[in-house]
Amino acid sequence: MDVIVSLSKRRGFIFQSSEIYGGTGSCWDYGPLGVELKNNIKRVWWRDFVHQRDDMVGLDASILMHAMVWKASGHVDHFTDPMVDCRECKHRFRADQVEEIDWTHYCPATKGNKFTIKAGEPCKHCGARRTLCPDCGKGELTAPRHFNLMFKTFMGPVEEDAAVTYLRPETAQGIFVNFDNVLQSTRRKLPFGVAQIGKAFRNEITPGNFIFRTREFEQMEIEFFVNPHERLDGRPADETWHDRWIADCQAWFARYGLSAENVKLHEHSRDELAHYSKRTVDLLYKFPMGWSELMGIANRTDFDLKQHSKFSGKSLTYFDEERKEHLVPFVIEPSAGVDRALLAFLLDAYQEEEVRGEKRVVLRLHPELAPIKIAVLPLLKKRPEIVATCHDLRRRLTRRWLTLYDDTAAIGRLYRRQDEVGTPYCVTVDVKTVGDAEKGETGDGKVTIRERDTMQQIRVPMADLEMVFGRLLDAGTPWSEIATSYPRAEG
Ligand code: GAP
């Protein structure tokens with residue numbers, strides 16, 4: 001993780017929020033490359049799950065909602081973690097995590113010497129186990145108390161109870177409260193889904209592991225509404241659709257680069273299930289701190305629509321023309337964190353290898369996710385014709401793909417820099433491209449394209465560049481196929 005945190009800062013993917021004031025441990029800012037990577041993840045997710053399916057539509061609901069939404073959803077009463085506080089240093093811990101923290105001990109058997117002891121282990125001098133605050137080693141801990149994870153705020157200028165509302169802790173509720181609006185305005189038939197990407201906020205007690213758990217994050221959520229009375233493949237339709245969404249989500253992460261050995265499914269046991277869920281399956285990713293949740297796919301039944309109907313007094317039903325009955329649909333909810341997905345893609349893509357005796361760092365990001373698609377580089381920045389040709393090419397290519405020009409180092413360094421941020425292709429303009437007027441030599445009008453993963457180089461006429469990159473970046477033609485159509489350039 002440290003390597004990714006350091007690369008992220010050094011190359012402008014992710015910075016600590018408010019760093020000049022000492023930073024916050026729980027919020028992060030996306031830099032010039034990070035924002036491109038994040039936007040690319042959201043763009044392909046929306047394209048694949050909304051635009052390319054005929055059973056999905058999108059929505060963008062507001063972050064601040066009526067306070068009753070959170071009463072109805074159960075968040076006011078149930079969205080809590082049990083907490084314990086140190087009476088001495090006031091440090092607050094999640095009750096279920098205190099035993100997992102290395103603890104501070106002033107050992108009576110060694111004249112009160114201070115030791116830091118591994119989580120769960122006793123002191124090897126006096127045999128004592130932790131009973132006091134693991135942090136200061138002096139204070140008693142309070143009994144567990146429930147702490148709501150929602151950020152409370154006030155709507156309007158008066159800070160009174162009537163104006164209380166919350167920053168949404170999930171985007172899902174914006175979809176449920178709009179169920180009837182979407183149904184009436186789109187005339188959809190079941191099954192259909194509504195997707196939303198947006199910010200969510202949770203006052204997490206123990207944020208950490210970089211962008212894995214933060215207090216402000218983004219979600220990509222789908223609520224897929226199903227007729228629970230229908231049968232599909234010999235089973236209740238909601239169960240079949242649940243399995244289909246699990247498979248689709250797993251395939252999506254594999255398509256954009258997560259290796260199969262780093263992803264696995266986790267079926268929630270009865271004790272783990274949320275109050276609204278009939279069945280939940282998580283996709284776990286092998287993060288550096290261990291297998292942890294990347295996303296969840298839950299069968300939320302008709303819980304949310306019924307709750308909102310009860311609290312708002314509005315009917316949130318669907319009329320089944322075939323059976324001539326009003327019913328409350330069941331909901332399958334694939335819910336992914338954008339930031340967690342981004343972290344997993346970065347971790348999976350990061351590789352260090354040795355090339356001609358030197359370390360090469362390469363981010364093997366899927367080309368659709370890579371922040372910069374093409375870098376245009378001059379072999380010699382002192383030759384104005386070379387530089388002018390580079391700028392001309394960059395202008396041409398950037399109309400379709402994010403293209404960057406860089407002349408701040410020698411070509412070998414420039415390639416390494418692009419490898420490190422995952423740029424799939426570099427285009428190099430050299431003397432052969434533009435010729436040498438003083439020697440009466442005309443250029444051949446060809447440039448070198450270098451591919452990131454194989455480091456192979458081919459010589460391509462400038463006139464072909466849009467066609468070649470269109471095939472590579474838009475049509476998904478493999479590099480090996482393009483590389484056989486053009487002569488190799490020397491590496
Ligand atoms: N609507 C269902 C829901 O919100 P969740 O499991 O609490 O379910 C869904 O959250 C996803 O949102 C998680 O799998 C994770 O990817 C992301 N997520 C949740 N809390 C997060 C946090 N504090 N920081 C970053 N991502 C978070």
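Q: Which strands each supply at least two residues of the shell around the ligand?
A: This is a predicted model, in which local features need pLDDT of at least 70, side-chain atom pairs count only at pLDDT 80 or more, and totals for chains, interfaces and linings use all residues. Residues are numbered from 1 along each chain as its sequence is written, and side-chain values use heavy atoms, leaving out hydrogens and water. Strands here are DSSP runs (E, at least two residues), numbered from the N terminus. At least two shell residues each come from strand 12 (216–226), strand 17 (290–301) and strand 20 (330–337).

Q: Which strand gives the largest share of that shell?
A: The ligand is surrounded by 20 residues (each with a heavy atom within 4 Å of it). Five of the shell residues, the largest share, come from strand 17.

Q: How far is a polar side-chain atom of Glu221 from a nitrogen atom of the ligand?
A: Glu221 is among the closest residues to the ligand, as is Arg202. For Arg202, a side-chain N or O atom and a ligand oxygen atom are 2.8 Å apart. For Glu221, the separation from the ligand nitrogen is 2.5 Å.

Conventions. Polar contact = N/O pair within 3.5 Å; in protein donor to acceptor, adjacent residues only side chain to side chain. Helix = DSSP H or I, 4+ residues; strand = E, 2+ residues; numbered from the N terminus.
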